[in-house]
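User: I'd like to go through this one with you, a question at a time. Could we keep the terms simple?
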Amino acid sequence: MDRIILVVDDSPTVIKFVSFSLKNKGYKVVTACDGMDAVEKISNMSEKVDLVITDLNMPNLDGYGLIDTLRHNDEFCETPIIILTSEEEEEDKQKGIQVGASSYLVKPFKPALLVNEVEKYLKN
Amino acid sequence: MSEVLNLQDKIKNELLDISGTISEIVDSYKQLHSPLVETQKNVPKATEQLDKIAEQTAAATHRMLDTAELITQREDEVIAGLNIIKEKINNKNYDEVIELCDDLALKASDNNNDAFVIMDALQFQDITSQQIDHAVVLLEELEKKLHRILAVLNGEDNKDLPEVSVSKKRAFDPHADLFTNKTNQHDIDSLFSKK
């Protein structure tokens, strides 16, 4: 069965690039344009999301808010969450750790690096 | 004597009036000073962001054009290679055909990698759109300050001013940059593995 990855970003360019990189490796990709959209989609999905990749700066509900929401939900408290952002200050990474992100990638990113990071959690 | 006292009162009233006017001018100056200073700061920041956008758009575009040129060169080589293969098959030079096929497979794989290089460079759109959003927010701030200055100059109360409309809700990283990625992924991974 295909592993499902939820990609959350308000940039359609990033969504396209991330989706292409992951679909090329056989993953099924579901997308959301911000944290609020992601919460809605994830709650209405019949299949289980195996991993979440999220941006930080987004309208309505940002990446930190989304991670916090997912970590307080029994179903998603253990789901790997990768932050993919252009923010590279130490403070942002620390905040990512605090809210419960699994790892952190900085944009612009190399597709191989993203796939590598995803495979750390979804291998086998 | 009463005339002198009358004159004294008049002078006192005039002085009080002048002092009141000076206080009003000082108040207006105070109200003008802060928005003027902020305006002065925002304009160069917005200009800097716009310069960055132009520079990064140009760099990413050049990278994509160079890569597309490499891809088309290889495609020409692949076409030429296929024609040579045809000849070699006719002449039954099968060992050379195998060698040429390996070479063409390598070129196809290089083209595949270069397609990713182009997509990678296209991320400039995300980065520059964040820079544009930052510039727009700075300009919207500037517009608000100018409204405030105009209000003070017209003697209007700040509270009566209509809100400056904001075109859309923006979320962006003000430091987003295509080139200055100072992050080492290994360091980040170590940081996250310690949690």
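**A walk through the model**

Analyst: Let's begin with α2(B): its 28 residues reach 41 Å from first C-alpha to last, close to the 40 Å expected at 1.5 Å a residue. The expected span is 1.5 Å times one less than the number of residues, and helices (H or I, at least four residues) and strands (E, at least two) are DSSP runs numbered from the N terminus. This is a predicted model, where local features need pLDDT of at least 70, side-chain atom pairs count only at pLDDT 80 or more, and totals for chains, interfaces and linings use all residues. Residues are numbered from 1 along each chain as its sequence is written, chains are lettered from A and ligands numbered from 1 in the order written, and side-chain values use heavy atoms, leaving out hydrogens and water.

User: Which residues does B:Asp126 contact, leaving aside neighbours within four places in sequence?

Analyst: B:Asp126 sits in helix α3 of chain B, and is buried, with a relative accessible area of 4%. Contact means heavy atoms within 4.5 Å. With those neighbours set aside, B:Asp126 touches A:Ser11, A:Val14 and A:Lys107.

User: Is B:Lys92 buried or exposed?

Analyst: B:Lys92 belongs to the loop between α1 (2–90) and α2 (94–121) of chain B. Its phi is positive, about 60°, although B:Lys92 is not a glycine. With 58% relative accessibility, B:Lys92 counts as exposed.

User: And what is the phi of A:Asn60?

Analyst: You'll find A:Asn60 in the loop between β3 (51–54) and α3 (63–71) of chain A. A:Asn60 is partly exposed, at 49% relative accessible area. Though not a glycine, A:Asn60 has a positive phi of about 65°.

User: How many disulfides are there over all chains?

Analyst: A disulfide is a pair of cysteine sulfur atoms within 2.5 Å. A:Cys33 is partly exposed at 42%, and B:Cys101 is partly exposed at 38%. By the distance rule, the count over all chains is zero.

How values were computed: Buried means under 20% relative accessible area, exposed over 50%, partly exposed in between (1.4 Å probe, protein chains only).
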